[in-house]
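Here are my notes for you, point by point. Have the model open while you read, and look up each spot as we get to it.

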Amino acid sequence: MKKLVSQRQLILILIISLVALKVLLLPSLLAKEIGRDAYIYVLIALLFDFFMLLIFLFLFNKNPDLSFYQILEKMFGCMIARIMMFALFLFFLMKCWGAFVTNYSYLNENLYTSLKWYTYCFPILIIVFFIARLKVNALARLVEFFAPIVIIGFLVSLLVGIRKADYTNLLPILENGFFGNFSIFFKYSFWFGDYLIFIVFFGNTKVEKKFNITISTTILIAIVLIALFFATIFSVFSYNSVSHTNSISDILQVLPSTADIGSFDWVLILVWDMALFLYFAIYILGAFYSFRQTFGKKYDLITTSAILIVVLILAIIVNFDIELSISLAKKYFWIFSLSIEYGIPILLFLFSPMIKRRDKADEIFMEK
Amino acid sequence: MIVPFFISIIKNIYPHTNFMSNKNLSVEKKSKEILSSLQNNSDVIAKYFFIAKTPACLIFVDEIVKQDEISLNIINPLNNFVGDKKKIDLDSILNKNVSLCNASLILEDEILIKILKGYAVLLVENCEGAIAFNVVGYEQRSVEEPPSSTVISGPREGFTESIKTNIGLIRKRLVSKKLKIEDCELGERTKTAIKLVYFDDLVDSDIVAQIKKRISRVKIDGVIDSYYIGTILENKPNSIFRQVGNCEKPDIACSKILEGRVAILVDGSPIVLTVPFVLIEDFQSSNDYYSESHRSSMLRVLRIIALIMSIYFPAMFIALQLYHYKVLPLKFLVTIIDTTQNLPLNPFLEVFFIIILFDILFEASIRMPKYLGIAVSIVGALILGDTAVKAGLVSPPGVMIVAMSAITIYIIPNQSSQISILRFIFAFIGGTLGFHGIIIGSMFLVAYLCNFDCFGTPYFAPYSPFVKSDQKDAFIKENIFEMRNMPQSFPNQKERRFSIENKKRGNKK
């Protein structure tokens, strides 16, 4: 019997992929380029992501037993499906690289005086190698086990911030107009589009009661909370937001009134290490899945090793420098990630009637 | 090739006919053959006598039978034989002359096994086959409270090494016609009896079939304890984590059978195995079910804290000192620096030294005679520990951390061996990689355990995967009346355990 991923597990995977990377560096980067209104753009981008997720849900409900690749194959044929899967593979690989380098910089800054790159890399790569080779439902269980801890950590951080936030710091809203910052914001598309990990769970997920409503409501709540977190960061640190590059732990560390909790902020750092590790593992699985769909199911072992080695090489190329990684992502990858994030779902939505037509054609052919 | 084939066909048609035996073999010859097959051992007794002038022989192993019962219920009645004295056959002996109800006719090839199992076997001249009398009389322990499952309230009976007594203890509690007890045997030299006990209408039939399949495919010389069967049933026998539940008390075994699990009893072992098994079972104590639910829930949470402390405390202590001292609160940091600054060993070696010292003391106190064991623990705990601190070999925080970790291991006795190994591994990871290592080590551990699937049951159920209805008896325990559903974490046939009619609030069933 095929072991399916439950609705709860899917939700937690989506939440981890939504939250993990965004609440570290992004607030500081956006504060630098856009200013205190950045949370509005984050909210809009996340809402766009949400609509794309709805398209995926629509496709999933129509074909609950088909894998994502099978859907693509039915719509566009084998060749285009493979090209699209390869594009997704590159997107996931990019995300892995982002998580890998971010986690290193986060630990180096907060927990270690000088963390050697090999001390960081080899254990994590060996363990992710093991996890990526697990069945999808085993990874889902792993996420289900740790995700509540991550969510509690995020909520504690948010609540501590809310207690001290002065939201009047955010006023006046959109001082420089709405469209002025949009072009800058597009360049940060790398940080979004996390709903795409859903493709791994097509045909692998158990459809339970009120599946669509539960998933969409929970994700919507998560999106609002993330936007609220951004708003809180900007209102707490106001003009200093730029210097707080690790916002999730900075809230606990920096506020004077939370000094008692602040001395234990390393607990939150560990929780976020956990979140980033899960994020990395989820995307490695995504990369592995899309690669396998592109090139067939042979050489699984080699594929996983190759993906991890590529991530390591990419990290070494940028010398584990997060600043360099961000500037590269902003310069070269934003168009690619933007087109993957919004292009694929819109294309799928437009071509979704094709599945029915193809099915009908197949039926007629079989009858003949 | 052809002759054995025909013999096997005829044997199937006439199962009680032994075609290869010589019917005219005299009792004396037969008994000598049996004795020589049993290596002419001195404890195998062959007692020759006459049943109304017909020679007969009773063979048994001296040490494992009840001698009184033999003379009273077998030999005495046969000396005063009732019936046709010219034509003596086994049926007339069995039905008219012997008062023992545990007696049966057996085939020639069963004789040796029956003798070795403690039966007295009666051979009669010119009679094919034999009569086996169950006069088994091993020395056995009485029913006592098991040392590792003591309770403050609730039943105190524990299983013994006798499978018969253990079945009796279960039968006493489960008075149901649907209780099924299936027999198997394993071990070419031990012929150990194994019994599968379950409710036919509760248990998933695939689980029973799988258990039987796994047991039947093993050819082993001997089964001494239920641990052997546990290993056979495990999906990953090389793992340090056990995948089969065990218990020493009939009340626990019965409650697991009632939940739709299978209990496996092995002759000679007081440990009863239960499958399917989930990790949460080790956090549940029988005392939890005989005390208030709030108290039980609190104790379960304490057990989890104890588990975390025992695995992570030494590792965190090392990691904090070696890599992350800046995250420690200042006062705490000053205390640690004060006590550790002149130590000859670094924190990593210091903690390892204390852990190893503790484990040696623990092993010594178990193996030594009881009176010496107490002396060893006094020497170890008071003299060695204290002197080591005073001599400046180890620091007081180090001793305290390892001592706390060592004590907390035994809060979950069934997991103690796994935890002590994990404590070593995590201490090593903490010393080499720091907190990041501990986190990814934990991830690896959980990922590894998430991949366990014993008899269709996820190891971390009902938490991962989350099973809502089973949360009532997980880390938080609810009132027994709230646990109306059968566990959903593992496959079983029934949904509801019980219902309450005419409940005052809302007449819910």
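1. In which helix does B:Leu433 lie? B:Leu433 is in helix α15 of chain B; helices here are DSSP runs of H or I with at least four residues, strands are runs of E with at least two, and both are numbered from the N terminus. Why do we call B:Leu433 buried? B:Leu433 counts as buried because 24 other C-beta atoms lie within 10 Å. The cut-offs are these: buried takes 20 or more other C-beta atoms within 10 Å of the residue's own, exposed takes 12 or fewer, and partly exposed is in between, with C-beta atoms placed from the backbone.

2. Before going on, some housekeeping. This is a predicted model, where local features need pLDDT of at least 70, side-chain atom pairs count only at pLDDT 80 or more, and totals for chains, interfaces and linings use all residues. Residues are numbered from 1 along each chain as its sequence is written, while chains are lettered from A and ligands numbered from 1 in the order in which they are written.

3. Back to B:Leu433 and its surroundings. Leaving out residues up to four places away in sequence, B:Leu433 touches A:Thr119 and A:Pro123; contact means that the C-beta atoms, placed from the backbone, lie within 7 Å. Within its own chain, the C-alpha atoms of B:Leu433 and B:Ala319 are separated by 7.7 Å, although the two residues are 114 apart along the chain.

4. Now the whole interface. How many residues of chain B are in contact with chain A? There are 23 of them, facing 25 residues of chain A. Helix α15 (residues 416–450) of chain B gives the largest share of chain B's side, 12 residues. By class, that side has 17 nonpolar, 6 polar and no charged residues. Here Ala, Val, Leu, Ile, Met, Phe, Trp, Tyr, Cys and Pro count as nonpolar, Asp, Glu, Lys and Arg as charged, and the others, Gly among them, as polar.

5. Chain B splits into domain 1 (2–134), domain 2 (163–277) and domain 3 (290–454), with bounds from an automatic or database domain assignment. The C-alpha centres of domain 1 and domain 3 of chain B lie 62 Å apart.

6. Look for an open sheet of 5 strands in chain B, in the order β1-β2-β4-β5-β3, with antiparallel pairing; strands pair if DSSP finds at least two bridges between them. β1 (44–51) and β3 (103–106) of chain B are at the edges with a single partner strand each, so one side of each has no neighbour in the sheet. Strands β4 (residues 119–124) and β5 (residues 130–134) of chain B pair over 4 bridges, and B:Tyr119 has B:Asn134 as its bridge partner. Helix α2 (residues 27–37) of chain B lies across β1, β2 (54–61) and β4, at about 15° to β2(B). For such angles, axes are lines fitted to C-alpha atoms, for helices over the stretch in contact, and the angle runs from 0 to 180 degrees between N-to-C directions.

7. Another open sheet in chain B has the order β6-β7-β9-β10-β8, and its pairing is antiparallel. Which strands stand at its edges? Those are β6 (179–186) and β8 (245–247) of chain B. Helix α7 (residues 205–216) of chain B lies across β6, β7, β9 and β10, at about 170° to β7(B).

8. Take a moment for β9 (residues 262–266) of chain B, where 5 of 5 residues are buried. B:Val262, B:Ile264 and B:Val266 point one way, and B:Ala263 and B:Leu265 the other. In the hairpin of β9(B) and β10(B), B:Gly268 takes a positive phi near 95°.

9. Last, confidence. The mean pLDDT of chain B is 86, with 93% of its residues at 70 or more; pLDDT is the predictor's confidence in each residue, from 0 to 100. Among the elements of chain B, β9(B) has the highest mean (96) and helix α1 (residues 2–13) the lowest (52). Over residues 14–22 of chain B, pLDDT stays under 50. For the complex, the predictor gives an ipTM of 0.90 and a pTM of 0.86.

Conventions:
Contact = placed C-beta atoms within 7 Å.
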